[in-house]
Amino acid sequence: KQKSITFVGPKDEAEEVLARFVTRAKKKKPGEEVKSDLTMSELFTLWVKEDSSRDRPRAESTKYHDERRFKNWIEPTFGERVVADITNNEIEDFYATLRRARPHPKNPRKHLKGLSPNSVVRVHALLAAMMNWGYRRKHITVNPMEHVNKPRGESNPPRSPSFEEVSALLEYLVVVDPLLWLAVRLTCTLGPRRSELLALRYGDVVLDRSGEHLRGSIRIEKGI
C-alpha cells in the first residue's frame, strides 16, 4: 500500500513537508529502530524517562518547571502532532503566539497573558533539548528544530537596594520583628543564598573567631 499525504500551503512549505515525508517513508536500515510517528507528548514522556545525556540527573525543581512549560504551552499546540510533521515555520509562529495575549486553548472563557521574551527562550530550550535528544536516539527521523531561529531574550541586570533603603528597612525590622531583622542583617553582610540562610544554625557561628560557616542549604522541591 502506497503512503500519501495532503498539504495545503505555500510552495516552500510544501517542499519542506514533502522532504520530511520522504525521509519518514524510507525503509529502515537493518537493525535500526526509528519511531518516526511519535507525537510530541510521546517524545516528551520518553525524554523525561530516558534522558541520560547529563553527568547527573536533573534536579527535581528542573523537572517540575519542564513539565509545567510542556503542559501549559507546548502540549496544547503540539501535543498530538507527529513530531516529524512539524515545520520550523510552525515553531517560530508558535513563539510569536506565546508573546501575545490570547484565549486559553482548552477554556475559551479564560485568557492567557503573553509570555516574556526570556520565558519564550526557556520554551525554545525545552523543545530543542527534547528533539535533539530524540533525533540522536533515533526516536524521530527528522529534527524540526534544526532550522528554527532561536528567539531573543532580554537582559535584565539586577538592581540592588541603596544603602538608605537597607538602613530604613533594618531600623523598622529591629523594632517589629527582631528575627527577620537578623536574617536581613546576615544577608546584607554575608550575601548567602536564601537556601543557605535557612540552613544556618547557631552552631555554625564561631563567636571567639568572629566567623561563621555556611555548611548546607535547605530548599523546597515543588512537585514532590
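Analyst: Happy to. Buried here means under 20% relative accessible area, exposed means over 50%, and partly exposed lies in between, with a 1.4 Å probe and protein chains only. By that cut-off, 30% of the 224 residues of the protein are buried. Please keep in mind that this is a predicted model, in which local features need pLDDT of at least 70 and side-chain atom pairs count only at pLDDT 80 or more, while totals for chains, interfaces and linings use all residues. Residues are numbered from 1 along each chain as its sequence is written, and side-chain values use heavy atoms, with hydrogens and water left out.

Helices (H or I, at least four residues) and strands (E, at least two) are DSSP runs numbered from the N terminus. The protein has eight helices and four strands, in the order α-α-α-α-β-β-α-α-α-α-β-β. With contact meaning heavy atoms within 4.5 Å, residues 24 or more positions apart make up 57% of the contacts that have a separation of 6 or more.

Now to helix 3, residues 60-78, which bends by about 40° at Lys71; the bend at a residue is the angle between axes fitted to the seven residues ending there and the seven starting there. Its buried residues are Asp66, Phe70, Trp73, Ile74 and Phe78. An α-helix has 3.6 residues a turn, so residues three or four places apart point the same way. The cover over the buried residues of helix 3 includes helix 2 (40-50), helix 4 (88-99), strand 1 (102-103), strand 2 (111-112) and helix 5 (117-136).

Just after helix 5, Lys138 takes a positive phi of about 65°.

And the loop residue? Val83 sits in the loop between helix 3 and helix 4, and Val83 counts as buried because its relative accessibility is 0%. Beyond its neighbours within four places in sequence, Val83 is in contact with Leu38, Thr39, Met40, Leu43, Met131, Ile140 and Pro144. For Val83 and Leu43, 40 residues apart along the chain, the C-alpha atoms are separated by 8.1 Å.
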